[in-house]
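Student: Before we go through this structure, could we take it in stages, with each answer worked out from what the coordinates show?

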Amino acid sequence: MSKPANEWTALTLTQACAAIHKGEFSPLEFTHACLERIETLEPRLNAFLHIAGEAALAQAAKTDPASPLPLPIAVKDVLTVENMPCTCGSKILEGFVPPYTATAVKRLQEAGAIVIGKTNTDEFAMGSSTENSAYRVTHNPWDLSRVPGGSSGGSAAAVAARLVPAALGTDTGGSIRQPASFCGLTGLKPTYGRVPRYGLVAYGSSLDCAGVLAQSAEDAALVFSLMAGHDPLDATSADVPLPALTLKVEGSLPLRGLRIGVPQEYFISGIQPGVERTVKNAIEQLSHLGAEVQQVSLPHTEYALPVYYIIAPAEASANLARFDGIRYGPREQAESLWEVYIRTRGRRFGAEVERRIMLGTYALSAGYYDAFYGQAQKARTLIRRDFEQVFEQVDLIAAPVAPTTAFPIGAHGDDPLAMYLEDIFTLPANLAGVPGLAFPVGFDENGLPVGLQLMGPHFREDLLLQVAHAYQQTTDWHLKRPPIDNK
Amino acid sequence: MALTLEEVDHIAALARLELSADEKEHYRLQLSAILDYIRKLQELDTRGIPPTASGLISATRLREDEPRPGLKRDHLLANAPEKEEGQFKVPPVFDLDGGR
């Protein structure tokens with residue numbers, strides 16, 4: 001039975017693909033429906049930095065309805081799309097139009113996907129609320145006075161409000177999983193190297209991962225399977241075959257035989273009671289589905305935050321050296337080359353980017369390198385070993401995504417450390433390079449979504465997605481929609 | 001241990017950032033607080049532990065070192081704030097007075 005056009009955007013990505021494959025509506029009609037919804041809701045959300053309406057319609061008209069992904073998606077503005085502006089949320093890339101498309105995006109386009117626009121992000125993906133964007137503040141569709149999380153907050157808000165069925169994000173320390181949790185979505189940070197980084201504007205090169213924010217594990221699996229795989233243009237991309245991602249649930253105990261570890265270090269005093277209660281209920285539900293739940297220990301968890309805030313800024317200070325007003329972006333005019341550099345950078349980088357560049361520069365500077373950067377790299381080994389040891393005892397780890405639900409816009413003001421603490425449960429997976437999946441498992445007392453995080457061994461995204469899918473077959477948290485249509 | 005203003009000046013110069021006096025003082029306090037927090041790492045005994053430089057390196061493969069087509073020069077120059085004769089244009093690199 002066909003649905004009326006105004007209900008198409010309520011479909012999950014998998015459902016919308018099936019409807020297009022069956023001829024219920026065309027890629028062009030669906031793209032029209034998304035653009036109409038964007039026109040209505042975007043003024044309240046500020047999810048996008050660039051909306052490519054005409055280009056998307058032109059592309060949709062040419063899209064083969066039989067292709068695997070014949071519908072519009074949104075792309076976080078740190079991934080390049082040829083001939084579409086890419087600012088990374090920064091004034092230093094104002095007006096930059098990249099001459100090439102990121103591999104992850106290109107693979108989806110080859111599968112039929114239509115890029116409808118670029119989504120808002122903390123400047124160069126540095127932040128946990130999207131408030132560090134130089135252009136606008138994105139609002140959480142569940143409560144417009146709150147942040148959507150970050151740094152992939154624009155993508156999260158766009159999918160949560162059903163402006164698009166799925167969107168791409170990037171995750172260096174939690175930037176897919178935390179906004180997915182804040183907005184009630186399923187967000188996958190793949191294994192480091194699983195999805196190519198070519199065309200992902202580098203922040204912390206040893207940590208950066210491209211991934212997807214979607215409405216269900218099934219949706220995330222479809223998009224992920226089309227993006228993953230070795231790329232000769234990225235020397236750090238992994239050459240490991242992708243297992244089949246046909247998610248199926250059998251019997252009343254579909255998780256029988258699965259061992260899930262719950263790390264004691266992830267239930268600390270700073271965690272909100274509503275988050276702790278909801279996460280524990282979800283883990284209980286996984287055991288009802290047959291999983292065997294046991295407590296495990298990741299003893300170096302408390303060092304993940306200091307390790308991350310040395311390694312990521314150190315890498316950022318090197319990566320962002322390329323933004324100097326010479327090859328791209330605007331230039332602040334000056335007499336000497338030195339002044340061009342310092343003025344362009346000093347005037348066009350935002351405060352959080354400047355802080356991290358300075359922190360990284362300090363950690364790498366003569367006299368401090370061994371004490372900071374060297375020590376952090378060794379501590380990173382200990383964090384990686386924690387995971388290796390736990391994955392000898394259990395198949396995967398279940399934990400909170402973040403200690404809080406979505407917080408009010410402006411709540412962390414000018415206190416960078418308070419903001420950094422938002423990422424304490426997501427940073428370890430980036431440091432160890434393991435995959436992480438966030439998916440919605442309930443609400444707190446304010447009606448805000450709470451996510452559960454699953455982490456698995458390298459290259460076992462299939463396991464994370466399978467478990468989340470089994471959970472989503474017996475619950476409907478992932479189908480709850482924000483009240484944004486009621487206003 | 002708080003950073004001094006001289007240290008902030010030095011870091012800003014290394015990082016090629018022009019900062020106002022207010023910004024310097026503001027960052028001095030914020031960076032000092034962050035450094036105090038991350039000094040927690042010094043308590044960890046890492047003797048004999050090898051460093052980890054990447055999320056994963058064991059499964060990577062280098063491509064053959066063969067010439068292949070790259071991006072076109074005019075496409076790469078299209079975003080340059082100033083260009084001349086197919087090249088990026090910059091102020092004098094060797095500047096005896098304006099440089100540092």
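**Interface, sheet and a covered helix**

Student: Which residues of helix H7 of chain A are buried?
Tutor: The model is predicted, and in it helix H7(A), residues 217–227, is mostly covered, with 10 of its 11 residues buried. Counting a residue as buried if 20 or more other C-beta atoms lie within 10 Å of its own, the residues that qualify are Ala217(A), Glu218(A), Asp219(A), Ala220(A), Ala221(A), Leu222(A), Val223(A), Phe224(A), Leu226(A) and Met227(A).

Student: Which helix of chain B gives the most to the side of chain B that touches chain A?
Tutor: Across the interface, 50 residues of chain B are in contact with 65 residues of chain A. On the chain B side, helices H1 (5–14), H2 (21–38) and H3 (73–77) each supply at least two residues. That side divides into 31 nonpolar, 11 polar and 8 charged residues. The helix that gives the most, with 7 residues, is H2(B).

Student: Which are the edge strands of the open sheet in chain A?
Tutor: The sheet has 11 strands with mixed pairing, in the order S1-S3-S2-S4-S6-S5-S10-S11-S9-S7-S8. An edge strand here pairs on one side only, and the two that do so are S1(A), residues 48–51, and S8(A), residues 292–296.

Student: Which residue stands opposite Ala398(A) in S11(A)?
Tutor: Strand S9(A), residues 396–400, and strand S11(A), residues 449–455, run antiparallel and are joined by 4 bridges. Within this pair, the residue opposite Ala398(A) is Leu454(A).

Note on methods:
Residues are numbered from 1 along each chain as its sequence is written. Chains are lettered from A and ligands numbered from 1 in the order in which they are written. This is a predicted model: local features need pLDDT of at least 70, side-chain atom pairs count only at pLDDT 80 or more; totals for chains, interfaces and linings use all residues. Two residues are in contact if their C-beta atoms, placed from the backbone, lie within 7 Å. Ala, Val, Leu, Ile, Met, Phe, Trp, Tyr, Cys and Pro count as nonpolar, Asp, Glu, Lys and Arg as charged, and the others, Gly among them, as polar. A residue is buried if 20 or more other C-beta atoms lie within 10 Å of its own, exposed if 12 or fewer, and partly exposed in between; C-beta atoms are placed from the backbone. Two strands pair if DSSP finds at least two bridges between them.
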